[in-house]
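The following briefing concerns the structure shown below.

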Amino acid sequence: MEILRNLHSYFAYVVLAILILAVFNAIKGWLGKGEFTMHKDLRVSLFALILTHMQLLIGLILYFISDNGLKAIQALGMGGLNSAARLLAVEHPFTNILAVALITIGWSRHKKKNESTAKFKSIAIFYGIGLALLLFMIPWGQWFN
C-alpha cells in the first residue's frame, strides 16, 4: 500500500505538469487564434487526459484499500471524522473525481468542434477548471511533510 501511496503522490507532479502545459497551450491557441494540430495540441491534451485518468484510478484503488479512505468513514462515520480525515476520505476524492470529469468533458467537447479556436477554448476552460480544482484539493500539508 505504501508503494501505491508514493506512486499517487509523486505521479501527481507529472499530472500537474502536463495539465498546466495543456491549459497554457490551449489558452495560447485560443487567444492567439492558432491552428489546432494533431502533432502538438492534440497530443498534449490527450496525454493530460490519459494521465489524469491514471491518477484517478490509482487514487480510487487507494481510497478502497487505505485506512484513510472508505475504511475511515466506516469506522468513524461521517460525523466522527476530523478535518484532516474528512479531507482524505471525502473532500479530496469527491473534488478530484469532479475535476477529472470536467477534464473529460473538455476533451469530448473539443472533438465535436470544427474550428481550432473552439477546440482550444473548450480545452482551456474545462481543463483549466479541472486543474484549479485539483490544485485546490491537494493536501499540501502532507506533501511537504
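Met1 lies in the segment before helix 1, helices (H or I, at least four residues) and strands (E, at least two) being DSSP runs numbered from the N terminus. Met1 is partly exposed at a relative accessible area of 44%, where buried means under 20%, exposed over 50% and partly exposed in between (1.4 Å probe, protein chains only). The model is predicted: local features need pLDDT of at least 70, side-chain atom pairs count only at pLDDT 80 or more, and totals for chains, interfaces and linings use all residues. Residues are numbered from 1 along each chain as its sequence is written, and side-chain values use heavy atoms, with hydrogens and water left out.

**Overall architecture**

- The protein chain comprises six helices and zero strands, giving the pattern α-α-α-α-α-α along the sequence.
- Along its principal axes, the C-alpha trace spans about 55 × 25 × 20 Å.
- Of the 145 residues in the protein chain, 41% are buried.
- Contact denotes heavy atoms within 4.5 Å; of the contacts between residues at least 6 apart in sequence, 75% join residues at least 24 apart.

- The accessible surface of the protein chain is about 8400 Å², and carbon and sulfur atoms account for 69% of it; accessible areas come from the Shrake-Rupley method with a 1.4 Å probe, and for residues only the protein chains shown count as cover.
- Patches consist of residues with over 30% relative accessible area and no salt bridge, like charges being joined within 9 Å and nonpolar side chains (Val, Leu, Ile, Met, Phe, Trp, Tyr) within 5 Å.

- The protein chain carries 13 positive and 6 negative side chains, and the centres of the two sets are 7 Å apart.
- In this count Lys and Arg are positive and Asp and Glu negative, while His and the chain ends are not counted; each charge is placed at NZ of Lys, CZ of Arg, CG of Asp or CD of Glu.
- A surface patch of positive charge is formed by Arg109, Lys111, Lys112 and Lys121, and helix 4 (residues 83-112) supplies its largest share, three residues.
- Arg109, in helix 4, is partly exposed at 38% relative accessible area.
- Lys111, also placed in helix 4, is exposed at 54%.
- The C-alpha atoms of Lys111 and Leu134 are 23 Å apart in space, and the two residues are 23 apart in sequence.

**Salt bridges**

- Side chains of opposite charge can pair when their charged atoms come close.
- The structure holds two salt bridges, each defined by a side-chain nitrogen of Lys or Arg within 4 Å of a carboxyl oxygen of Asp or Glu.
- One of them links Arg5 with Glu2 at 3.1 Å, N to O; these residues are three apart in helix 1 (residues 2-31), and are therefore separated by about one helical turn.
- Arg5 is partly exposed at 28% relative accessibility, and Glu2 is partly exposed at 45%.
- Lys40 pairs with Asp41 in a salt bridge whose closest N and O atoms are 3.9 Å apart.
- Lys40 is partly exposed at 40% relative accessible area, whereas Asp41 is buried at 3%.

- Thr95 belongs to helix 4 and is buried, with 13% relative accessibility.
- Apart from neighbours within four places in sequence, Thr95 is in contact with Leu133 and Met137.
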